[in-house]
Amino acid sequence: MSTELGHFALILALATAIMQSILPMVGAARSDTRLMNVAPMAAVTCFALVLLSFAALTQAYLTSDFSVLNVFENSHSLKPTLYKFTGVWGNHEGSMLLWILILAFFGALVAVFGNNLPPTLKANVIGVQGWILVAFLLFIIFTSNPFIRISPPPFEGQDLNPILQDIGLAIHPPLLYLGYVGFSISFSFAIAALIEGKIDAAWARWVRPWTLTAWMFLTAGISMGSYWAYYELGWGGWWFWDPVENASFMPWLLGTALLHSALVMEKREALKIWTVLLAIMAFSLSLLGTFLVRSGVLTSVHAFATDPTRGVFILMILCVFIGGALTLFAFRASSLRAGGIFAPISREGALVLNNLFLTTATMTVFVGTLYPLFLEVISEEKISVGAPFFNLTFGPLMVPLLLAIPIGPLLSWKRGDLLGAMQRLYVAILGGFAVALVVIYVQTGAPILAAVGIGIGIYLIIGSMAELWMRAGLGRMAFSKSLGRLKGLPRSIYGTAMAHFGVGVTVIGIVAVSAFSSEDIVAMQPKDQIEAGGKTIIFEGIENAQGPNYQVQIGHFTIMEAGREIGKTTSEKRFYPARQMPTTEAGIVTYGASQLYVSLGDPQANGGLVVRIWYKSWVTFIWYGTVFMVLGAIISLSDRRLRVGAPAARKTKAAAQQGASA
Amino acid sequence: MMFWIIVLGLTILTVAVLMRPLLRDQQDGSDILAYDREVYKDQLSEIDRDFENGLLTENEAELARIEISRRLIAADAKNEGAAKGVAMSYAHVIPIALMIPAIAIGIYTFVGQPAAPDMPLALRTPPPETQVASRAVPEDIAQMVAQAEAHLVQNPNDGRGWDVLAPIYFRMGEFLKAQQAYAKAIELEGSTALRHASLGEAIVTTQEGAVTPEARSNFLRALELDPNAARPKFFLALGLGQNGQKDAAIDAFEALARTSPADAPWIRAVQVQIANLKGVEADSITLETLPASTTAQSESQPSQLGNPTQEDIAAASEMEAGDRMAMIKNMVASLDEKLIDEPDNFEGWQRLLQSYIVLGEPDSAAKALERALKAFSSDTDQGRALLAQAKSLGIATPNAAPKAETE
């Protein structure tokens, strides 16, 4: 019965979403508070109903109820409980349900925490969110329903794709979806503002925390996905320029641009049209990503099921929302008054530069991802656009952007002093050069670009602190006074510094791992040894064993340094009979920031085994950097400026609510 | 029932929560612009703070203040009318409220399956296959069989051993082993009517009641060796019926009855089969037979070691005629079950269709055909073959839009 209740709750959520999409917007248009007040109620109810539905599906998975087609197709009674749970979203239907759950979740968040928003804006934002909900609920109910039953039910399921039977599945999709779908709120804000015709500095301030939240989750989700691919696919790569990865990277790039342009809009009321367009495009790219992944246009580990009707349905959603939004934009954009003016060299100018490079980079990725698909449709010619294309186009675009990062925050608004800013950065610039020289010196024969790359990274790290240093007046006044000023700085400045610091860390990781890593592919007999990263790896032999739902070959390795054993690791090749699929589990040992990565290949006729061994220099910096970026976003979110804004009459109520929910 | 009560409760709760704001007077909402002012005031105070901290020069701070003040004034200038907030009447709210259950319950009855219960694996009994497979075998017989098997592994050319073991396997329900044992016995000890008939029966049973060509050739060979044997005649007639040759089958059964004594044990089975073919009650069939117990000697067989006598065979096949029906029913059910898991087992479907007709269940056969056509759409070769078979067996075929059947 719980399964059918879940099914009904999903449909009741559709009915609620229809109300949510109509009543508040009619209310906003007629200044009717009664109708507008339906918005938060509907948003919260909708979330509760989708949650109920999600819980029912989860229950079916946990109890291996094979009378549910979705469970039969993607689960197995012998699967460990954790993977029964994560398997809920490890398939097309379930992942769409999670998508909708998060969509409803953001609507409910605006309902609960949006007390500082003017009632009409809030009603419209929740209303637009309602439209998106209606579209996707129709999609799931009529083309991807996870609650379809089979009778009589089989006694065993077909198991989950083994690559997905990993702890990564528990974390990566929910985080990524929180980011992807989070941009729906920025989109709803943009559409609501266009409908009301009221786009100003206040709007920019209201939309900012939501964008920041989405950006934070997307950063974490992409980073997590990258690490997952790194250790699960067994190829040692951390980014593949795979279309599906690109699909998540494009909204991230535009989201980053949006964060920065919203800053200009908030401070100076400039870049209004541009910011609204970015808000629309960021979510459009999220939708495009969903379309590419779900329609089966792309084949990858993410394409759980390919079904043309689904593709057509998502394409329709895509056309209606992107087309509708851009049409509305075209009608309204001309009526927007330009905001504050500024000189080319100023904080605004630096942020425009940032936007320019980020959007160009997005276009590059867009072309590289879609051109092959387009060409295949037109001429049936298959080409593959891989890492070389992106390295040649995306890479050079990033260099000026990275160089500009520390300068921007040091320029003042309206008109700035570039020379002054550069002078203030001399420590960072010198530090970067010095480290670059040291790297050249130590790694003689190392590519000069690597040294420059590391130099840029160090420059970013030191430069990110420059704003704090300057604002605190360190060195210019008494230390205690500086400390006091440091304490008084808005948290968003700390957030900025932290996020830019993270970019530097990631850059160093990327450069180091591409330049200094070693790779060996050798056939090994037991007791053979090989050198990697100054360590000796001894192959101890292979062991056959049986996992809960797979057979496994485990390779044992001992790691020696200077004649002394410093650790052991195992690397596995698994075979899942239910799906007749093999997977690899790489053996990864971390030394400082570097990692030793051991992956098993095929057995040789002479009893040996092909083993791939990488020594990945400073590879973890790539992901540590993203951790700093996420922390930066969290610190920024805690800034008091993002919380104020509710009129006095409501302030107490809002504060009480926040206290209750905290 | 419980399900619908919860559904109703959930719906009413949703409607109540959503409609509540419409039915209440709303106090605030009079000043929408207050929200804008709040933001700009905060921006002003921020500039003061930055100035105090020495982050802005006096000139910069002044310019910024002017800019924000301008926005503050602009915000105040947009004077929008006060919002309405008096409670709506029920007459207005009820039509809106009714849309929620109309949409939700309307779509649910269309796509949902309210009667389908949850079926967690832990609460389900294991598949019937495993119950059928392990029939209880008395321990002493099992021991005897094990000994015989051990003996035959050592002496695989002991034809007599196979001859003894074969009927025991059959009785134990190990039809495949029985089949192999009979085949071995024929190979080593020579053809007899009894061995071929028994092998044929073992094949029919393994094939869940279908008289396959292989079984048929065995029955024909048995009949060649002993033109009066009743068992091959019975199964050949059954085979005719399964091939859709109803009249020929009825004739064959009636011919069998005519050469059988009135008290022959298989008479009742023949009656049931004819009744099935004609679609009437078995008791309404009157058969022309020989007088009781006159030709019992005609089926002369050289008596063999360990083999049942003629009377035993007759008794056994009579006993089995009733048992066989039950057994076949059981096996058809398990075949049906199996085909849910392996819908692309083409021969399985053929057999299932035939079996349902043998059992006299044309409705089940029609349903099975429908499912089979989902796996093999009617525009494929297999699909056409299935349709042709169904036609010859007289199964109702789904004529309307065969494509629609394939989801």
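Predicted model: local features only at pLDDT ≥ 70, side-chain atom pairs only at ≥ 80, totals over all residues.

Visitor: Are A:Glu572 and A:Arg574 buried or exposed?
Guide: Buried, both A:Glu572 and A:Arg574.

Visitor: What else meets A:Arg574 in a salt bridge?
Guide: A:Glu585 does, at 3.7 Å, N to O. That pair links distant parts of the chain, 11 residues apart. A:Glu585 sits in strand E6 (residues 581-585) of chain A, and A:Arg574 in strand E5 (residues 564-576) of chain A.

Visitor: Why does A:Glu585 count as buried?
Guide: Because its relative accessibility is 15%, and the cut-off for buried is under 20%. A:Arg574 also has a relative accessible area of 15%.

Visitor: Which salt bridges share partners in one network?
Guide: Those that join A:Arg205, A:Glu266, A:Lys267, B:Asp42 and B:Glu46.

Visitor: How about A:Lys568, what does its side chain meet?
Guide: A:Glu565, in a salt bridge of 3.8 Å, N to O. A:Lys568 is exposed, at 58% relative accessible area. A:Glu565 is partly exposed, at 45%.

Visitor: How many salt bridges over all chains?
Guide: The search of the whole structure finds 18.

Visitor: New topic. How many residues does H12 of chain B have?
Guide: 13, residues 246-258. The helix reaches 18 Å from first C-alpha to last, close to the 18 Å expected.

Visitor: Which residues of H12(B) are buried?
Guide: B:Ala249, B:Ile250, B:Phe253, B:Leu256 and B:Ala257. They cover an arc of only 125 degrees around the axis, so they lie on the same side of H12(B).

Visitor: What do they pack against?
Guide: Helix H11 (230-242) and helix H13 (267-278), both of chain B.

Conventions
Residues numbered from 1 in each chain as written. Chains lettered and ligands numbered in written order. Heavy atoms only, no water. Helix = DSSP H or I, 4+ residues; strand = E, 2+ residues; numbered from the N terminus. Expected span 1.5 Å × (residues − 1). Buried < 20%, exposed > 50% of the residue type's maximum accessible area, 1.4 Å probe, protein only. Arc of directions from axis to C-beta. Contact = heavy atoms within 4.5 Å. Salt bridge = Lys/Arg side-chain N within 4 Å of Asp/Glu carboxyl O.
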